[in-house]
Amino acid sequence: MLILFLLFLVQFSVACACLAFNAEQQHQLAEQGWNNVASDTRQKVQKTFDCCGFGEEHRNESILTSTSIPQDKCEAACCSDGKGGCLCSTCMGKLQSTINYAFKLCGGIGLFFSFTEVVAAAIAYRYRNQFDPNDKAASAINNRFHSIRVY
């Protein structure tokens with residue numbers, strides 16, 4: 001039961017933290033992830049979400065992105081028109097709703113299961129010391145004031 005309670009505390013804390021993240025904190029976390037991920041993963045994200053660069057400061061194609069990848073190396077469909085200009089939206093703009101949804105979903109699921117653990121702890125507390133009426137040895141051990149009968 002102690003383990004269930006500790007698990008509840010950890011899970012409840014993480015769920016509340018996920019629900020408490022605001023848009024600016026999500027942006028900072030996503031930017032840190034973008035800066036620390038390998039360039040091939042960045043290119044896959046750009047191709048999948050049809051975006052180039054991370055933030056608003058990377059909209060000009062002559063500027064290098066924060067990850068030192070020039071905009072002309074963006075493999076998104078919006079940049080491969082052959083005209084040399086990249087009119088793609090930034091990846092943070094496309095990923096913001098997905099990131100927000102993921103945080104809210106994880107927080108909601110975490111709250112659901114953390115309160116399920118509270119119910120499980122209450123049930124465990126209620127039923128953990130019940131006696132089996134058919135078990136004579138168990139009642140003899142647990143009942144100290146009666147004499148032990150041997151049949």
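What is the mean pLDDT of the protein chain, and what share of its residues reach 70 or more? The mean is 78, and 70% of the residues reach 70 or more; pLDDT is the predictor's confidence in each residue, from 0 to 100.

This is a predicted model, in which local features need pLDDT of at least 70 and side-chain atom pairs count only at pLDDT 80 or more, while totals for chains, interfaces and linings use all residues. Residues are numbered from 1 along each chain as its sequence is written, and side-chain values use heavy atoms, leaving out hydrogens and water.

Helices here are DSSP runs (H or I, at least four residues), numbered from the N terminus. Over residues 58-72 pLDDT stays under 50. Where pLDDT is low, the predicted coordinates should not be read in detail.

Next, helix 3 and helix 4. They pack at an angle of about 75°, with axes 10 Å apart. They are therefore roughly perpendicular to each other (65 to 115 degrees counts as that). Helix 3 brings Val45, Gln46 and Phe49 to the contact, and helix 4 brings Cys91, Lys94, Leu95 and Thr98; contact means heavy atoms within 4.5 Å.

Last, the second largest pocket. A pocket is an open set of points on a 1 Å grid where a 1.4 Å probe fits, with protein on both sides within 12 Å along at least five of seven lines. Helix 2 (23-36), helix 3 (39-49) and helix 4 (91-127) each supply at least two residues of its lining. Among the lining residues are Trp34, Phe54 and Ile99.

Notes: On a 1 Å grid over the protein atoms alone, a cavity is a set of points where a 1.4 Å probe fits but cannot get out, and a pocket is an open set with protein on both sides within 12 Å along at least five of seven lines; lining residues have an atom within 4 Å of a point. Axes are lines fitted to C-alpha atoms, for helices over the stretch in contact, and angles run from 0 to 180 degrees between N-to-C directions. Angles under 35 degrees count as roughly parallel, over 145 as roughly antiparallel, 65 to 115 as roughly perpendicular and the rest as oblique.
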